[in-house]
Amino acid sequence: MRLTGVDNLLWALGFIGHLVLLSVLVLRRRARSFPAFTGLISLSICRTVVLFFTLRLGTAESYFYTYWTLAIVDVGLQLAIAYELASKVFRPLGPWAPDVSRSFLWIAAASVAFAAGMTWLAAPPTRTLRMAIVIRGDFFASALMSEIFVAMVALSVTLGLPWRTHVARIAQGLGVYSLYGIFTAAAQSYFGSGGLTHGTYTLLSRLEGALYLGCIAFWSVTLARKEPEPRKMPEQLHDELRRLQGRAALMLKSLRAQGSES
Amino acid sequence: MREMVFLAATGVFVTALLGVATYFLLRARRISRDAWSSLLGRLKQIDREKFTRVALDLLDDDGLQREHLDPETIFEMIGGMNGLDALEENCDVLVDLAAYVQRWYPEALLLAEDLRLNAREIKWHIGRLRGASQTGHLREQFPMYAQRAVATYYLMTRSLLVLYEGVRLPEFAELQHAI
């Protein structure tokens with residue numbers, strides 16, 4: 001693979017951006033709240049270093065396996081981030097509500113099925129199975145992540161659950177990047193093995209790199225800022241609400257009993 | 001040919017994702033912008049005084065003399081299925097009113113979640129009453145189901161008022177008049 005000056009510049013800027021973002025996550029103590037996200041950023045730094053040396057010192061074979069192994073870990077961490085963000089939005093005070101966890105599992109299963117269907121439809125004209133796997137894998141990951149983020153937005157708005165500032169910013173960045181990633185992956189799939197040198201793909205790919213740099217800058221700035229502190233409800237109020245809800249639960253129990261009798 | 005189908009499907013897929021995301025983000029923005037007035041505007045008109053009497057007749061609150069309403073009176077006071085239809089819609093508004101407080105007090109989620117589960121169960125029972133009305137058994141089953149549903153709804157409104165008063169939201173007075 002031949003890299004141009006623009007590609008090298010994007011690579012170097014991405015590396016520096018990741019270092020800045022990791023510093024923000026550690027110094028502002030966000031890493032504790034977002035371990036999976038911090039993991040992804042750390043992985044991106046390691047990946048840049050490892051792939052840099054593999055490209056220069058290793059063979060095409062070793063580059064492929066290193067790239068692909070790290071890409072699988074990357075997708076795994078992206079899914080972990082989706083879970084991390086979902087758990088903050090859908091169970092901000094502890095356990096998942098029974099119907100929310102069910103809805104979320106349905107969403108995840110449907111997203112995997114749909115992304116798999118779309119990936120099956122892709123038929124990249126490649127000479128080797130390896131290239132086909134890479135191209136289809138890229139497309140699958142982008143489609144899946146986009147679906148999950150859009151579904152999370154839809155579910156949270158439907159349930160009236162607010163997104164705290166940092167959670168929303170991480171999700172916005174990843175959502176936009178994944179959605180755009182579908183275009184690049186689709187172009188790669190359409191053009192196949194020759195796609196890497198095709199003008200359209202090159203343009204889309206560089207725009208993706210620039211967009212990702214924008215996301216890194218966006219995360220670095222927003223995560224460095226403090227989010228508004230939530231207010232606490234008095235304990236007496238909790239007690240009073242628990243008492244009233246206990247009575248409502250009893251009333252519903254008698255309704256259920258009535259229903260089973262009739 | 002397959003490549004073209006794939007590209008078209010991808011186009012539809014991305015457009016659908018963007019459409020869904022835009023719809024829900026705009027909806028969230030609209031809810032956030034004119035939340036309070038639109039929330040209250042969604043409440044259906046019910047005779048609150050009569051609903052309260054029907055509820056208190058069952059709840060047996062301390063110091064209150066129960067009226068022992070007969071089934072026919074309960075049916076008339078609630079307004080039959082129309083009254084329960086309004087109650088059903090209002091249940092959703094109560095959940096949203098609790099969620100409204102979450103902007104400042106995330107812990108209000110607990111009440112919103114409880115109210116949502118209550119609302120879901122009330123709706124299920126009202127659905128059963130609809131079934132009974134289609135088979136001509138509404139009058140027999142109505143009082144037992146409806147009075148309990150109204151009593152649960154009443155407790156939901158009390159919880160909401162306690163919440164608004166407890167966190168001293170300025171909207172409390174308006175809410176007191178509305179529910």
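Student: Which helix of chain A has the highest confidence, and which the lowest?
Tutor: This is a predicted model, and chain A has a mean pLDDT of 84, with 92% of its residues at 70 or more. Within chain A, the lowest mean is 80, in helix α8 (residues 235-261), and the highest is 93. The helix with that highest value is α2(A).

Student: What does α2(A) reach from its first C-alpha to its last?
Tutor: Helix α2 of chain A covers residues 35-57, which makes 23 residues. At 1.5 Å a residue, 33 Å is expected. The model comes close to this, at 32 Å.

Student: Which helices do the buried residues of α2(A) pack against?
Tutor: The buried residues of α2(A) are A:Phe37, A:Thr38, A:Leu40, A:Ile41, A:Ser44 and A:Arg47. Their packing partners belong to chain A: α1 (5-27), α3 (60-90) and α6 (165-191).

Student: How far apart are the end C-alpha atoms of α3(A)?
Tutor: Helix α3(A) has 31 residues, so at 1.5 Å a residue it should span 45 Å. Its buried residues are A:Leu77, A:Gln78, A:Ile81, A:Ala82, A:Leu85, A:Ala86 and A:Val89.

Student: What covers the buried residues of α7(A)?
Tutor: Helix α7 of chain A (residues 199-224) has 26 residues and reaches 38 Å, close to the 38 Å expected. Its buried residues are A:Tyr201, A:Leu204, A:Tyr212, A:Cys215, A:Ile216, A:Trp219 and A:Leu223. The elements covering them include, in chain A, α1 and α6.

Student: Which element of chain B gives the most residues to the side that touches chain A?
Tutor: The contact involves 49 residues of chain B and 38 residues of chain A. On the chain B side, the elements giving two or more residues are α1 (2-33), α5 (80-101), α6 (109-134) and α7 (138-166). By class, that side has 29 nonpolar, 8 polar and 12 charged residues. The most, 16 residues, come from α1(B).

Student: Are α3(B) and α7(B) roughly parallel or roughly perpendicular to each other?
Tutor: Helix α3 of chain B (residues 48-59) packs on α7(B) at an angle of about 100°, and the axes are 8 Å apart. Angles of 65 to 115 degrees count as roughly perpendicular. The two helices, α3(B) and α7(B), are therefore roughly perpendicular.

Student: How do the residues of the contact of α3(B) with α7(B) divide by class?
Tutor: From α3(B) come B:Phe51, B:Thr52, B:Val54, B:Ala55, B:Leu58 and B:Leu59. These meet B:Gln147, B:Arg148, B:Val150, B:Ala151 and B:Tyr154 of α7(B). The division is 8 nonpolar, 2 polar and 1 charged.

Definitions and conventions
Residues are numbered from 1 along each chain as its sequence is written. Chains are lettered from A and ligands numbered from 1 in the order in which they are written. This is a predicted model: local features need pLDDT of at least 70, side-chain atom pairs count only at pLDDT 80 or more; totals for chains, interfaces and linings use all residues. Two residues are in contact if their C-beta atoms, placed from the backbone, lie within 7 Å. Helices (H or I, at least four residues) and strands (E, at least two) are DSSP runs, numbered from the N terminus. Ala, Val, Leu, Ile, Met, Phe, Trp, Tyr, Cys and Pro count as nonpolar, Asp, Glu, Lys and Arg as charged, and the others, Gly among them, as polar. The expected span of a helix is 1.5 Å times one less than its number of residues. A residue is buried if 20 or more other C-beta atoms lie within 10 Å of its own, exposed if 12 or fewer, and partly exposed in between; C-beta atoms are placed from the backbone. pLDDT is the predictor's confidence in each residue, from 0 to 100. Axes are lines fitted to C-alpha atoms, for helices over the stretch in contact, and angles run from 0 to 180 degrees between N-to-C directions. Angles under 35 degrees count as roughly parallel, over 145 as roughly antiparallel, 65 to 115 as roughly perpendicular and the rest as oblique.
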